[in-house]
Amino acid sequence: MTRRLLRVVAALGVAASLSGIASVAHAEKRVALVIGNNDYKNVPKLVKAVNDARTMGDTLKQLGFQVMVAENQNRQQFTETLLAFDRVIEPGDTAFFFYAGHGFEIAGQNYLLPTDVPAATEGQEELVRDASILADRVVERLQNKKARTSILVFDACRNNPFERSGTRAVAGGGGLAPMTQLPEGVFSVFSAGPRQTALDRLSNDDANPNSVFTRTFAKELLQPGENLVQVAQHTRRLVSEMADTVKHKQVPVYFDQMVDDVFLSGVAKDAAAASARPADPPPQKLAALPPVSVPRVPKEESTNAPIASFSRHNGGWSVTFSFADPTIGISWRMAGNGDFRETGFIDTLDPRTRKRLPNPSIELPADAQAGTIEVRYVDASGDMQGPFPIKFDPEAALIRDQRKILDMTATSWLSFRQFNGLLVYYSHLVSYRCAIREARIGIDTAVPDKVLKLPACDLRDPSAITAGMLLYEKLPPATQFMSVELTYRDGSVSEIKTFRTANRSNN
């Protein structure tokens, strides 16, 4: 499938660090879905919506959200993406939904337009309704999943996308209708007020890759000590002032049904200090961070259960177990498949037990099927612990392993060579392509704007480079640098890396 699928998921990292706050909200985690639609088939294409989604995705990851990013979604993909988001939301979570693209208001209701929305004319409102996503339905879904805090942000207040010269468009002007009837626990932000349109840029010389609203809102979200209302208020003022410079009316609006103040980037210093005084009232709540004094233990796992790391090589799989407690013996088997086998020992003494260290690694064949590895160990007292189940998913393990290698070798993603012209080699990316959903490059631009086609992943021989695979491209002789951004198969997105052609080989 293409880049229209989820880039997600985020990076599924949750930043759960809390300084001096003992009383916090009971939400389990922060989850976010951001969608950007540029490539419309039947209505005018957009330029910055996808960039806006990416920027918001990166911003929310910095705030500890598990982020799903989806781009250029048609109606079916949009629905599947929402279903995938439903599955990651649990009661008590903080859920953040961001949409950049075309939106349209019909009879006071707002619709988010997928990329395959038909080109409707006057009297064909039903076509638009049937082909689009009702914004109120997104709110309802979050409520049904019992999210404690729901934040919805719409950068979709653009001109009427159905206007055509010589025809009468579907009734409606630019902008979206206000969402005033929100349930408790919901906070929504619109990039412009009712019937206003939002600016993508301030002038023809404005090279910022993001819309005026998103570039401002993303920065404000990262300001420590600002609650959601303050973020919205500051964004409204700054955007309005920028729009005024080009004589445009754009005043972002927000609708607040929150019971508590919600801080996404930490509470103000005075609130943190107040929490240390027992006589003061409870501190304001910080959304979606678990109490630091009560670590969460995964269900169905013991605190002394081993963990495993998987590494793929030409001969198959290496699986390395890690134990919290000292061990004097390790054994394993595939669940339901014969007797336990000892891993043996290595020629190193464990200073904790003064005995030889058990070999913590085992080998699995390249064609090993998904299943459960059962591991048990003998502790320092001679008692058998376990067995403990460890799930083995070859595809997921391969993606994690190659992703880790790509992160560690980011300086090797591209290399340049002077040979009958300037060439750029990306054989390193080809070698670890199974972890990559999409690779984007930019030539003499800091914004990767071109998709780099990589060969398909072969799970049987994932690192193989075979005859006929394209490993390089020819560049214009004057090229100074290239930028690279990877979207990994798990949905997370790399930082944009820059490679200068001055570092080239003449061999």
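## Helices and strands

The chain holds 9 helices and 26 strands. The model is predicted. Of the 507 residues of the chain, 49% count as buried. Among contacts with a separation of 6 or more, 71% are between residues 24 or more positions apart.

## Confidence

The chain has a mean pLDDT of 81, and 81% of its residues reach 70 or more.

For residues 164–173, pLDDT stays under 50, and the model has 26 contacts beyond four places in sequence for them. Over residues 268–302 the pLDDT is also below 50. That stretch, residues 268–302, has 59 contacts in the model beyond near neighbours in sequence.

An open sheet is formed by 3 strands in the order 10-11-16, with antiparallel pairing. Its edge strands are strand 10 (307–313) and strand 16 (361–365), each of which pairs on one side only. From one strand to the next, the twist averages 25°. Helix 8 (residues 394–408) packs on the sheet and touches strand 10 and strand 11. The direction of helix 8 makes about 80° with that of strand 10. In general, the strands of a sheet pair through backbone hydrogen bonds, and the pairing is either parallel or antiparallel.

Strand 10 and strand 11 (residues 316–322) run antiparallel and are joined by 7 bridges. A hairpin connects strand 10 to strand 11 through 2 residues. Along this pair, Ile307 stands opposite Ser322 in strand 11, and Ser309 stands opposite Thr320 in strand 11. Strand 11 also pairs with strand 16, in the antiparallel sense, over 5 bridges. There, Val319 stands opposite Ile362 in strand 16. Because 5 of the 7 residues of strand 11 are buried, strand 11 is largely enclosed by the rest of the structure.

## Nonpolar cores

In soluble globular proteins, nonpolar side chains tend to be buried together. The largest nonpolar core in this model has 71 residues. Leu60, Phe96, Phe97 and Phe154 touch the most other members of that core. Strand 3 (residues 94–100) gives this core its largest share, 6 residues.

Which residues does Phe97 contact, leaving aside its neighbours within four places in sequence? Phe97 is in contact with Leu33, Ile35, Leu82, Leu112, Val138, Ile151, Leu152, Val153 and Phe154. Another core, of 24 residues, lies apart from the largest one. Among the residues of this other core are Ile399, Tyr426, Tyr432 and Met482.

## A buried arginine

Arg141 is placed in helix 4 (residues 135–144). Is Arg141 buried or exposed? With a relative accessible area of 11%, Arg141 falls under the cut-off of 20% and therefore counts as buried. Not counting residues up to four places away in sequence, Arg141 touches Leu82, Leu83 and Asp86. Leu82 is also one of the residues in contact with Phe97.

## The disulfide

A disulfide is a covalent bond between the sulfur atoms of two cysteines. The count for this chain comes to 1 disulfide. This disulfide joins Cys434 to Cys457, with an S to S distance of 2.0 Å. The link of Cys434 and Cys457 is right-handed, with 95° about the S-S bond.

The pair links distant parts of the chain, and its two residues are 23 residues apart. Cys434 is in the loop between helix 9 (427–431) and strand 21 (436–443). Cys457 is in the loop between strand 22 (450–452) and strand 23 (472–475).

Key
Residues are numbered from 1 along each chain as its sequence is written. Side-chain values use heavy atoms; hydrogens and water are left out. Two strands pair if DSSP finds at least two bridges between them. Helices (H or I, at least four residues) and strands (E, at least two) are DSSP runs, numbered from the N terminus. Axes are lines fitted to C-alpha atoms, for helices over the stretch in contact, and angles run from 0 to 180 degrees between N-to-C directions. Contact means heavy atoms within 4.5 Å. A nonpolar core is a set of buried Ala, Val, Leu, Ile, Met, Phe, Trp, Tyr and Cys residues joined through side-chain atoms within 4.5 Å. Buried means under 20% relative accessible area, exposed over 50%, partly exposed in between (1.4 Å probe, protein chains only). pLDDT is the predictor's confidence in each residue, from 0 to 100. A disulfide is a pair of cysteine sulfur atoms within 2.5 Å.
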